[in-house]
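Here is a friendly walk through one protein model, written for someone who likes to know the cut-offs behind each term. Please have the viewer open as you read.

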Amino acid sequence: MILEEQHINTAINYIKANKKDILSICFFLLCYITSILLFLGGVQDQTKPTDLSFPVFLPLTIIDALLFTGFIFFEYKVFKIKFNIPLIIVLSSLFFINLLVIIFIPLEKTFEYVYHDNPMSTLVTITNEYKVMYILCFLLLLLNIYISFIYLLNHIHFKKQFMWLCIAGIAIGFFMLIYSYIKEWETYKLFIENMSTTVRTYNPRSLTNNQNSFAAILLGAAFCSYGLYAITNKHICWIIGLFFCINTFFPMSRICLTLSIILSLMIFAYKMFVTYKGNEKRNNIAIISVVGTILTLLILYLSVNVIRNYIDNVIFTKNSSLSSRLPLIELTLNMTEGVHSIFGNGHGYFNTAFSIMNGSVKMPHNLYVQTYGSLGIVGLGALIALIIYAVYRIVRLYKENKEASLISLIGLVTVLIYYIVEG
């Protein structure tokens, strides 16, 4: 009983001593949660920015924008975090350019283009209400970017904070994992029952209804786990194995699965190398076990037809290969000509027009091509500048914490590679 009271008093004292930081975190999460809830239904309909009706969408967006703005001023008043003027100028410029592009695009516009080597013509009709939605969505996205940079760069400095960030990533990954498999249980049952004949016909989903986003969350949670290990020197990093094992049997994204396997082996090799001296026997057993497992799997793949067919037709099915994305990239380039090559087709408008024209997907499955189609060379330049800035911060982190800098660099490279096939 006395021990419980001590724990309660410790918790109360911690909250009192860090109440401003706790309030800041809650405010930060509130901004993001409201954005997620606002746009959660938007992926259902390929030709709409959101499933919400305009009279509902408008006040919710205004409330969300006020929350974001309030958070920025809260950080300024409480923590004396100054406004990042260069970032504000860049994001404001993107917003006003996007505003002008969307305003001056006709409500009805005919696109002449080539798709799958076939000359085509499509009339795209957009209402004024949707134009307003596109503008407001983009405003929230830019506020999101601004807050992300300001908050993370000014609050995440110490090992303890990084540890909690890792724990949050793991918790989110677990939640998404459990939710997705509960949500799709009937689908997975059908898949298992027809495993011998199916060719990845199931459609696993996550909270965002996007299986690739779910895979990215798995991969991110895995690296948070490794980051937590590097900072605290605890063996929680082996939680990675759980994520990878499940993602192997029910692959959400082949690019994430491939990256996960390669990076896991790289991390394993690195750890074996730096801890080899004084742990020769243990490390040799671990290395032999891993190499033996890989060789066993390779032999099974080459010699057992059922396993080979499963890997070829389910895990690495070629139904959606990189080559199948090329027509989507070609369509984006066809849409983005003349003045639009400089300023883009407008954030939101591009996605809707794109889905109407190809009749299937809302984006070209490539972040860089997506940015070019939406915001042109100007927006793509801004994205590249943000990436360069992130690299600069990681390099500066190296002197303070080499392990954290290495993890951050691996994570950034992983994300940048991932976005070659996702947008």
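This is a predicted model: local features need pLDDT of at least 70, side-chain atom pairs count only at pLDDT 80 or more; totals for chains, interfaces and linings use all residues.

Residues are numbered from 1 along each chain as its sequence is written, and side-chain values use heavy atoms, with hydrogens and water left out.

**Overall picture**

The protein has 17 helices and 2 strands; these are DSSP runs numbered from the N terminus, with helices being H or I of at least four residues and strands being E of at least two. Of its 423 residues, 39% count as buried. Here buried means under 20% relative accessible area, exposed means over 50%, and partly exposed is in between, with a 1.4 Å probe and protein chains only. The accessible surface comes to about 23,600 Å², and 71% of that belongs to carbon and sulfur atoms; the areas come from the Shrake-Rupley method with a 1.4 Å probe, and for residues only the protein chains shown count as cover. Contacts (heavy atoms within 4.5 Å) between residues at least 6 apart in sequence join residues at least 24 apart in 72% of cases.

**An enclosed helix**

Why is helix 15 described as largely enclosed by the rest of the structure? The reason is that 9 of its 10 residues are buried. Among them are Tyr349, Phe350, Phe354 and Met357. The cover over the buried residues of helix 15 includes strand 1 (108-115), strand 2 (118-125), helix 5, helix 13 (326-335) and helix 16.

**A cavity**

The structure holds 2 cavities of 30 Å³ or more, and about 40 Å³ of space lies in the largest cavity. A cavity is a set of points, on a 1 Å grid over the protein atoms alone, where a 1.4 Å probe fits but cannot get out, and lining residues have an atom within 4 Å of a point. Grid points are joined across faces, edges and corners, and a volume is the space filled by probe spheres set on the points. The lining of the largest cavity includes Ile72, Tyr76, Phe83 and Tyr146. Helix 3 (54-79) and helix 5 (128-155) each supply at least two lining residues, with the largest share, 3 residues, coming from helix 3.

**Positive phi angles**

Most residues other than glycine have a negative phi.

| Residue | Phi | Relative accessible area |
|---|---|---|
| Lys80 | about 55° | 61% |
| His365 | about 55° | 17% |

Lys80 sits in the loop between helix 3 and helix 4 (85-104), and His365 in the loop between helix 15 (349-358) and helix 16 (367-400). Lys80 counts as exposed, whereas His365 is buried. Gly359, which follows helix 15, also has a positive phi, near 75°.

Leu302 belongs to helix 11 (residues 280-303) and is exposed because its relative accessibility is 59%. Leu302 is one of the residues making a nonpolar surface patch of about 630 Å².

Leu416, in helix 17 (residues 402-418), is partly exposed at 24%. Beyond its neighbours within four places in sequence, Leu416 is in contact with Tyr368 and Ile387. The C-alpha atoms of Leu416 and Tyr368 are separated by 9.5 Å, and these residues are 48 apart along the chain.

Definitions and conventions. Patches are made of residues with over 30% relative accessible area and no salt bridge: like charges are joined within 9 Å, nonpolar side chains (Val, Leu, Ile, Met, Phe, Trp, Tyr) within 5 Å. A salt bridge is a side-chain nitrogen of Lys or Arg within 4 Å of a carboxyl oxygen of Asp or Glu. On a 1 Å grid over the protein atoms alone, a cavity is a set of points where a 1.4 Å probe fits but cannot get out, and a pocket is an open set with protein on both sides within 12 Å along at least five of seven lines; lining residues have an atom within 4 Å of a point.
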